[in-house]
Amino acid sequence: MAMELKQYQRDALGALSAFLCNARGQRTQADMQAAFDAARRQAMGEHAPLQSYRAFTAEQPGIPVACIRIPTGGGKTLMAAHAIDIAARDYVGTRAPLALWLVPSNTIRTQTLQALKTPGHPYRQALLDHWPEDQLAVLDITDCHQLRAHDFGRRAIVVVGTVQT
């Protein structure tokens, strides 16, 4: 069953989309700061308080870093399923992304993996809103050996693992 995103979820994903669109092709800290500022102004209005953008690393400032603050019970996992499409489309420019979905524990890994693979589950449906069944693969990180070269670039691949792995 598909779950309708709430307005605050759509707004947050819209801000992520704006940031990734603006960040695409940028390589410097200053360019990423400008992309970040533009996305914040779009999401929060022209008087959004200034905030420093924190680069991934000093050596790789062009890798976008975003944190969306959503309260407990606010639908972060559902939003993450939709965010894969946003990042693929607006930053990478592909319809066949490879997404590494990291969770904090093995228990959550198992639960998330099951939800993303279960037909009819809202998280699975969120992925299917963007990719047909035959163009989507959801795998546990321990099953990556199942991937073949021809899978890449032909389907969306979501690999679920823990931060420790």
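The protein exposes about 9,700 Å² of surface, and carbon and sulfur atoms supply 55% of that area. The model is a predicted one, and its secondary structure comes to five helices and three strands. Read from the N terminus, these elements follow the order α-α-α-β-α-α-β-β.

**Overall form and charge**

- The protein has 165 residues and a radius of gyration of 16 Å, which agrees with the value near 15 Å that a compact globule of this length would have.
- Along the principal axes, the C-alpha trace of the protein spans about 45 × 35 × 30 Å.
- Of the 165 residues, 38% count as buried, and among contacts between residues at least 6 apart in sequence, 58% join residues that are at least 24 apart.
- The protein carries 17 positive and 14 negative side chains, and the centres of these two sets lie 2 Å apart.

**Helix α2 and its packing against α1**

- Helix α2 covers residues 29-44, and its 16 residues reach 22 Å from the first C-alpha to the last, close to the 22 Å expected at 1.5 Å a residue.
- The buried residues of α2 are Met32, Gln33, Ala35, Phe36, Asp37, Ala39 and Arg40, and these buried residues pack against α1, which runs over residues 7-23.
- An α-helix has 3.6 residues a turn, so residues three or four places apart point the same way.
- After α2 comes Gly45, whose phi is positive, near 100°.
- On the α1 side, Phe19 lies in that helix, and Phe19 counts as buried because its relative accessible area is 3%, under the 20% cut-off.
- Leaving out residues up to four places away in sequence, Phe19 touches Met32, Ala35, Phe36 and Ala39, and also Tyr53, Pro64, Val65 and Ala66.
- Phe19 and Leu127 are 108 residues apart along the chain, and their C-alpha atoms are separated by 21 Å.

- Arg109 lies in helix α4, which covers residues 106-117, and Arg109 counts as buried because its relative accessibility of 15% falls under 20%.
- Once neighbours within four places in sequence are left aside, Arg109 is in contact with Val103, Asp140, Val160, Gly161 and Thr162.
- Arg69 lies in the loop between α2 and α3, the latter being residues 76-92, and Arg69 is exposed, with a relative accessible area of 71%.
- Arg69 and Leu113 are 44 residues apart in sequence, and from C-alpha to C-alpha they are 23 Å apart in space.

**Leu128 in helix α5**

- Leu128 is found in helix α5, which covers residues 122-128.
- Apart from neighbours within four places in sequence, Leu128 is in contact with Glu133 and Leu136.
- Leu128 and Gly153 are 25 residues apart along the chain, with their C-alpha atoms separated by 17 Å.

Note on methods
Residues numbered from 1 in each chain as written. Predicted model: local features only at pLDDT ≥ 70, side-chain atom pairs only at ≥ 80, totals over all residues. Heavy atoms only, no water. Helix = DSSP H or I, 4+ residues; strand = E, 2+ residues; numbered from the N terminus. Rg over C-alpha atoms; globule rule 2.2 N^0.38 Å. Buried < 20%, exposed > 50% of the residue type's maximum accessible area, 1.4 Å probe, protein only. Contact = heavy atoms within 4.5 Å. Areas by Shrake-Rupley, 256 points an atom, 1.4 Å probe, with all protein chains shown as cover. Lys, Arg positive; Asp, Glu negative; His and termini not counted. Charge placed at Lys NZ, Arg CZ, Asp CG, Glu CD. Expected span 1.5 Å × (residues − 1).
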